[in-house]
Amino acid sequence: MSKRITAIRGFNDILPADTPLWRHLEATVAGVLDAYGYQQVRLPIVESTELFKRSIGEVTDIVEKEMYTFEDRNGDSLTLRPEGTAGCVRAGEEHGLLYNQQQRLWYAGPMFRHERPQKGRYRQFHQIGVEAFGMGGPDIDAEMILMTARLWKALGLADAVTLEINSLGTPAARASYRAALVEFLRARVDQLDDDCRRRMDTNPLRVLDTKDERSKAALAGAPSLADYLDEESRAHFERLCALLDDAGVRYVRNPRLVRGLDYYSRTVFEWVTTELGAQGTVCAGGRYDGLVEQLGGKPTPAVGFAMGVERLVLLLAQKGVALAPAVDVYLMASGDAAERRAVVLAEELRNALPRLRLQLNAGGGSFKSQFKRADRSGASIALVLGDDELANGVVGLKMLREDQAQESIPVQQIAGVLDARLPGRK
Ligand code: ATP
Ligand code: MG
């Protein structure tokens, strides 16, 4: 026997046991985005490596060590997208969607980062990303946050997540803060881990984002970015907070909140949960007013966020969200004529009840084995068509999840009976 080939570490198969939750999440997100007037874009998974270097920043974890970069056959350096914002800006610019316009866009799909796989952290993972261009005020920041708050409610996750917000100010404000922070860090360098030491020189704000406990402790008393904000950024942030207060959305101001990508400015936010262990951020984003220009466009204010689909699915699974089974009705038939009639009956029932999930037995078998398949399908009702039923113009109906004798229903009435017992399938 030859050696079995398995999936690559960190690349997951999403199997029938999980896809209903994925689809429930995706459909709910799409519904909420529709309700706010956001439009979907579908973008390539592969982009020029340069795009990510110039947007995410050379001295970030992603670009330094997490990208799947390769040369294609022409010798061009390509990268599997580690996030969606850069590609969205690239596409928006390329197709003239951004200049002097407002756009509300979203996308969904796989992202790739070479990280250490663990619960909630994978090498191929999925994000749903949302971006708004051409609006510089706190009103659109608030809209994004309200939209996510509505989504958590729709998913039954409102109690599981909390909102943290912060303002990173302008690049100039950040530069003066950076100097103060570096001075603070230098005095405590022996308490920082290697990663923090390295970042202290290259990207000191990222030290605030450390997950190392000893380094975290050393950060107590570090200067606060809030004290270095420029006046405009401060007013922007206060207005955002006021809008969230008006809407009754609760938040925590976290002056330590920074994001792992360089392009953010002013508002940043994260929705976090304590219910998933270490990988607690399920949705994160912020404003990136400088990015469009940095990628060669005209100055264009922008704000966006991305949700981690795997983490949200884990949360939904943990909450035990009840979803409809894949099959409502299992139609079984035995005998040549009955099997032939069953094919047509199944189509007639699907015509009458377009939302009905009807599985027709295939591959023959005794009624005993067909009942086993019906049970495994998750159906609540089995329909039985044998030679006797056919001769009498009836269909047997057995409620599979109730202790009840099999009934005999005239074939013309079967759609009506199913409609009454399984509401909402018409
Ligand atoms: P983290 O701090 O958890 O590494 P990040 O700051 O790198 O997150 P972003 O780039 O902002 O994350 O991505 C947005 C969201 O995508 C995250 O909040 C998370 O839910 C999800 N995410 C990021 N990286 C991964 C991964 N490797 N596997 C699964 N989900 C991920
Ligand atoms: Mg990360």
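Let's start at the ligand: 16 residues surround ligand 1, and the closest are Arg113, Glu115, Arg121, Arg259 and Thr281. Here a residue is near a molecule if one of its heavy atoms lies within 4 Å of it. A word on the ground rules: this is a predicted model, in which local features need pLDDT of at least 70 and side-chain atom pairs count only at pLDDT 80 or more, while totals for chains, interfaces and linings use all residues. Residues are numbered from 1 along each chain as its sequence is written, chains are lettered from A and ligands numbered from 1 in the order in which they are written, and side-chain values use heavy atoms, with hydrogens and water left out.

Now for the polar side of the site. Glu115 puts a polar side-chain atom 2.7 Å from a nitrogen atom of ligand 1. Oxygen atoms of the ligand are also involved: one is 2.9 Å from an N or O atom in the side chain of Gln127, and one is 3.0 Å from an N or O atom in the side chain of Lys211. The protein covers 92% of the 580 Å² of accessible area that ligand 1 has on its own (Shrake-Rupley method, 1.4 Å probe).

Which elements give two or more residues to the shell around ligand 1? They are strand 6 (124–133), strand 10 (281–287) and strand 11 (302–308), and strand 10 brings the largest share, three residues. Strands are DSSP runs of E with at least two residues, and helices are runs of H or I with at least four, numbered from the N terminus.

Met307 is one of the residues that touch the most other members of the largest nonpolar core, which has 44 residues; Tyr38, Ile145, Trp152 and Trp271 are the others. Such a core is a set of buried Ala, Val, Leu, Ile, Met, Phe, Trp, Tyr and Cys residues joined through side-chain atoms within 4.5 Å. Helix 5 (residues 138–155) supplies the largest share of this core, nine residues.

Helix 5 also holds Thr148. Why does Thr148 count as buried? Because its relative accessibility is 2%, and buried means under 20% (exposed is over 50%, partly exposed in between; 1.4 Å probe, protein chains only). Its side chain reaches the backbone oxygen of Ile145 at 2.7 Å, and a polar contact of 2.9 Å joins the side chains of Thr148 and Trp271. A polar contact is a pair of N or O atoms within 3.5 Å; within protein, one must be able to donate a hydrogen and the other to accept it, and residues adjacent in sequence count only if both atoms are side-chain atoms.
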